[in-house]
Number of protein chains: 2
Amino acid sequence: MKLGMARGEVCLRVSAILVLVLTACLVALDTQTKVVFISIEKKATYKDLNALKILVYVTCAAAGYNLLLLCKHSIWSRKNFKGSYLCMAWICFSLDQIAVYMTFAANTATMGAAVLAISGSEAFQWLKVCDKFTRFCVEIGGALLCGYAASMLMALISTISAYKVFRMYSPKWFLRLKSA
Amino acid sequence: MKLGMARGEVCLRVSAILVLVLTACLVALDTQTKVVFISIEKKATYKDLNALKILVYVTCAAAGYNLLLLCKHSIWSRKNFKGSYLCMAWICFSLDQIAVYMTFAANTATMGAAVLAISGSEAFQWLKVCDKFTRFCVEIGGALLCGYAASMLMALISTISAYKVFRMYSPKWFLRLKSA
């Protein structure tokens, strides 16, 4: 059964990596060129908006982090480092939490900017950008969906990490470890 | 020691409520009036931007949720519902997770829009709004800081909830409860 959980975690991490890479590719490779005024062309890329740039960097970093933990998984096992298992589990739990919040934050900040690009803002006199660059916006929307799927996978992974840490503690005494 | 943890959780929840209410007040009561053109005045409020409206609603909802859990805490105790303790702990953990992600998302979406308001966007021809309404923007910035403080408090609370759930499971067997 323990092997089952380990395999489940590996599956989750591999899927998270795939979805994160897909998100980064969707955003980074998304371009659309439009004629704005007679012969002046304008090209929309992810570099036009800081939020999109940050999204690409963060998803790449998160994918790299998950890949690193996959490698760690296959090299270190509980038997090799019995004494420092709890320490390792705490570090993994903390890093997983940071990774999921960073990915979620990058996605949501982009979402906030995307909603403004779709609806514009009358009060701020901001134009609706998506009226012109529709295909570009649709692709970013797809990337955001992928990004949220990745965030959910990573939230699941961090729940498993929490389970791995906290099951070592006694149910009766506060923060006391179980006797072996 | 168990009492210590319960008291710690109550303290965290009370501080989270206070900071959430402060955030909602800072955003909702923030207004600035400026003369835009000779005699035309423009008033900036949180209603000008959807992200700010959502931030107010979400922080109020999160404060209400934490207040509800505080009440639950004082009425129900582990001794009254011994059998359903694990079920209750799972529900609290899930709700806490949802609450912290919602608060964090509302904050970060507002942050995304706020960065655009500060820096504008040349590619999109969006003006810098904060050049005109500086005091308004500074107050929103303060509210965002409070919002992130609240998110951190709630992340801590959800870690405690995770601890309460997962310490009930056996460290040796996958998802098997510890024998009493």
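This is a predicted model: local features need pLDDT of at least 70, side-chain atom pairs count only at pLDDT 80 or more; totals for chains, interfaces and linings use all residues.
Residues are numbered from 1 along each chain as its sequence is written, and chains are lettered from A in the order in which they are written. Local features need pLDDT of at least 70, side-chain atom pairs count only at pLDDT 80 or more, totals for chains, interfaces and linings use all residues, and side-chain values use heavy atoms, with hydrogens and water left out.

We can start with the overall build of chain A. Chain A contains four helices and two strands, where helices (H or I, at least four residues) and strands (E, at least two) are DSSP runs numbered from the N terminus. Their order along the sequence is α-β-β-α-α-α. The C-alpha trace of chain A spans about 75 × 35 × 20 Å along its principal axes. Its radius of gyration is 21 Å, while a compact globule of 180 residues would have a value near 16 Å; this radius is taken over C-alpha atoms, and the globule rule is 2.2 Å times the number of residues to the power 0.38. Of the 180 residues in chain A, 47% are buried (buried means under 20% relative accessible area, exposed over 50%, and partly exposed in between, with a 1.4 Å probe and protein chains only). Contact here means heavy atoms within 4.5 Å. Among contacts in chain A between residues at least 6 apart in sequence, 74% join residues at least 24 apart.

Next comes the packing of helices. Two packed helices are described by the angle between their axes and the distance between the axes. The axes are lines fitted to C-alpha atoms, for helices over the stretch in contact, and angles run from 0 to 180 degrees between N-to-C directions. Angles under 35 degrees count as roughly parallel, over 145 as roughly antiparallel, 65 to 115 as roughly perpendicular and the rest as oblique.

Between the chains, helix 3 (residues 85–119) of chain A packs on helix 3 (residues 85–119) of chain B at an angle of about 50 degrees, and their axes are 7 Å apart. Helix 3 of chain A and helix 3 of chain B are therefore oblique to each other. Their crossing is right-handed; a crossing is left-handed if the near helix is turned anticlockwise from the far one by less than a right angle, and right-handed if clockwise. Residues of helix 3 of chain A in this contact include A:Val100, A:Tyr101, A:Phe104 and A:Gly112, and those of helix 3 of chain B include B:Val100, B:Tyr101, B:Phe104 and B:Gly112. By class, the contact between these two helices has 14 nonpolar, four polar and no charged residues. Ala, Val, Leu, Ile, Met, Phe, Trp, Tyr, Cys and Pro count as nonpolar, Asp, Glu, Lys and Arg as charged, and the others, Gly among them, as polar.

Within chain A, the axes of helix 3 and helix 4 come within 9 Å and cross at roughly 160 degrees. That makes helix 3 of chain A roughly antiparallel to helix 4 of chain A. The crossing of these two helices of chain A is left-handed, and their contact has 19 nonpolar, nine polar and two charged residues. In chain B, the axes of helix 3 and helix 4 (residues 134–166) likewise come within 9 Å and cross at roughly 160 degrees. Helix 3 and helix 4 of chain B are therefore roughly antiparallel to each other. Their crossing is left-handed, with 18 nonpolar, nine polar and two charged residues in the contact.

Finally, some individual residues deserve a look. A:Phe166 lies in helix 4 of chain A and counts as buried, at 2% relative accessibility. Leaving aside neighbours within four places in sequence, A:Phe166 is in contact with A:Trp90 and A:Phe93, and with B:Thr159, B:Ala162, B:Tyr163, B:Phe166 and B:Arg167. The C-alpha atoms of A:Phe166 and A:Trp90 are separated by 9.1 Å, although the two are 76 residues apart along the chain. A:Ser121, in the loop between helix 3 and helix 4 of chain A, is also buried, at 6% relative accessibility. Not counting residues up to four places away in sequence, A:Ser121 touches A:Leu116, A:Trp126 and B:Asp48.

A:Leu95, in helix 3 of chain A, counts as partly exposed at 37% relative accessibility. A:Leu95 and A:Ser158 are 63 residues apart in sequence and 8.8 Å apart in space, C-alpha to C-alpha. In helix 3 of chain B, B:Leu95 is partly exposed, with a relative accessible area of 38%.
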